[in-house]
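Here are my notes for a first look. Please keep the model open while reading them.

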Amino acid sequence: MDESRSLYPTSSSANPNAAHCVEPGPTMSKFGVLVMGPAGAGKSTFCTALIQHLRNNKRPCYYVNLDPAAEEFAFEPDIDIKDLISLEDVMEEMGLGPNGGLIYCFEFLLENLDFLTEPLDTVTDEYLIIFDMPGQIELYTHVPILPTLVKHLMRGSLNINMCAAYLLESTFVIDRPKFFAGTLSAMSAMLMLEMPHINILSKMDLVKGQVARKDLKRFIDPDVGLLDDDPSRTMEFEQTPGDSDPMSTKNVMGGSSFKRLNRAVAQLIDDFSMVSFLQLDAQNEDSVGAVLSYIDDAIQYHEAQEPREPRDEVETDIGYDAMDE
Ligand SMILES: Nc1nc2c(ncn2[C@@H]2O[C@H](COP(=O)(O)OP(=O)(O)O)[C@@H](O)[C@H]2O)c(=O)[nH]1
Ligand SMILES: [Mg+2]
């Protein structure tokens, strides 16, 4: 755990860029990524892999846990919403379930935004601020809590250049209606948040052996044709002779209304033509690096960085020194 403390910008011991942790000027930009997606999509695992990758590349990061139910961390968060409010306490004291409790926690956070603003104010522009979000889907689709939070982070005094990274489990590609439902939630978050947005198919290692490469490619830019030739559905949900209950799961999912609903969802996604996916295997550092490069592009991270060469190179770089004066 001690080692992870070096994620703190104030810690000078292991932080490669500690010398740059200075008081920010009024126009200092900040950079961040909001890691979102359904429960179990691999958000926290991706955050961990991203932090490890940044550390390997001597880039500083600042880890913000906004999941009030998260228990264990590979890297200790610099800000943890549980220090403000915990889901367990809310559920117990308010008699709420996990979804209502989560909404309560976020409403409480919105009433106490200083909890985020004060520590984030000192974070400088070399840092990538990583927000690890909870998985309750309500947060991304129905309630206007996230847009308010994002507005505060991006447009308020913090002025963070931010992008959303929406993770969807790649195992969904095996069940196409599920895949389109997940894609619809990604699109809903995208439309609601109005910020640069990257969609990611996580856990690619789990499907690589199971789904042919050329089939996987079709999910990267999904189109409605994926439903027309879905082998698993027609076989799995063929109506059972003798099953007369029209409301049985099998009959509903095999019925024509379910097909029409899926087709309408897929057509909507196809028409918007806004959703495409990057592929992620969190255990593969190249894959994490590739996703990071898209995030960096979306937030224009590199454009804001001063050239930082090793000492000896900087001293021989006349142009750089001259520009500094
Ligand atoms: N095979 C595999 N499992 C993963 C990967 N990413 C996450 N997981 C597993 O998926 C589960 C949920 O991951 P977690 O990061 O906690 O999901 P979160 O709820 O979105 O934060 C855990 O058991 C992880 O070990 C991955 O890239 N490959
Ligand atoms: Mg998590």
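1. Start with the ligand contacts. A polar backbone atom of Ala41 lies 3.2 Å from an oxygen atom of ligand 1. Ala282 also uses its backbone: its N or O atom is 3.3 Å from an oxygen atom of ligand 1. Asp205 uses its side chain, with a polar atom 2.7 Å from a nitrogen atom of ligand 1. A polar contact here is a pair of N or O atoms within 3.5 Å; within protein, one must be able to donate a hydrogen and the other to accept it, and residues adjacent in sequence count only if both atoms are side-chain atoms.

2. A word on the basis. This is a predicted model, where local features need pLDDT of at least 70 and side-chain atom pairs pLDDT 80 or more, while totals for chains, interfaces and linings use all residues. Residues are numbered from 1 along each chain as its sequence is written, chains are lettered from A and ligands numbered from 1 in the order written, and side-chain values use heavy atoms, without hydrogens and water.

3. Who surrounds the ligand? There are 13 residues around ligand 1, and Gly40, Lys43, Thr45, Lys203 and Asp205 come nearest. A residue counts as near if one of its heavy atoms lies within 4 Å. The shell holds five nonpolar, five polar and three charged residues; Gly counts as polar. Helix 1 (43-56) and helix 8 (204-208) each supply at least two of the shell residues. Helix 1 gives the largest share, three residues.

4. Next, strand 1 (residues 30-36). Seven of its seven residues are buried, so strand 1 is largely enclosed by the rest of the structure. Buried means under 20% relative accessible area, exposed over 50% (1.4 Å probe, protein chains only). In a regular strand, side chains alternate between the two faces of the sheet. Here Lys30, Gly32, Leu34 and Met36 point one way, and Phe31, Val33 and Val35 the other.

5. What does strand 1 pair with? Strand 5 (residues 160-169) runs parallel to strand 1, joined by seven bridges. Strand 4 (residues 128-132) is also parallel to strand 1, with five bridges. Pairing requires at least two DSSP bridges. Leu34 has Ala164 as its bridge partner in strand 5 and Phe131 in strand 4.

6. Finally, helix 4 (residues 114-121). Its buried residues are Leu116, Thr117 and Leu120. They cover an arc of only 95° around the axis, so they sit on the same side of helix 4. Asp114 and Glu118 are exposed, on the face turned away from the buried side of helix 4.

Conventions. Helix = DSSP H or I, 4+ residues; strand = E, 2+ residues; numbered from the N terminus. Arc of directions from axis to C-beta.
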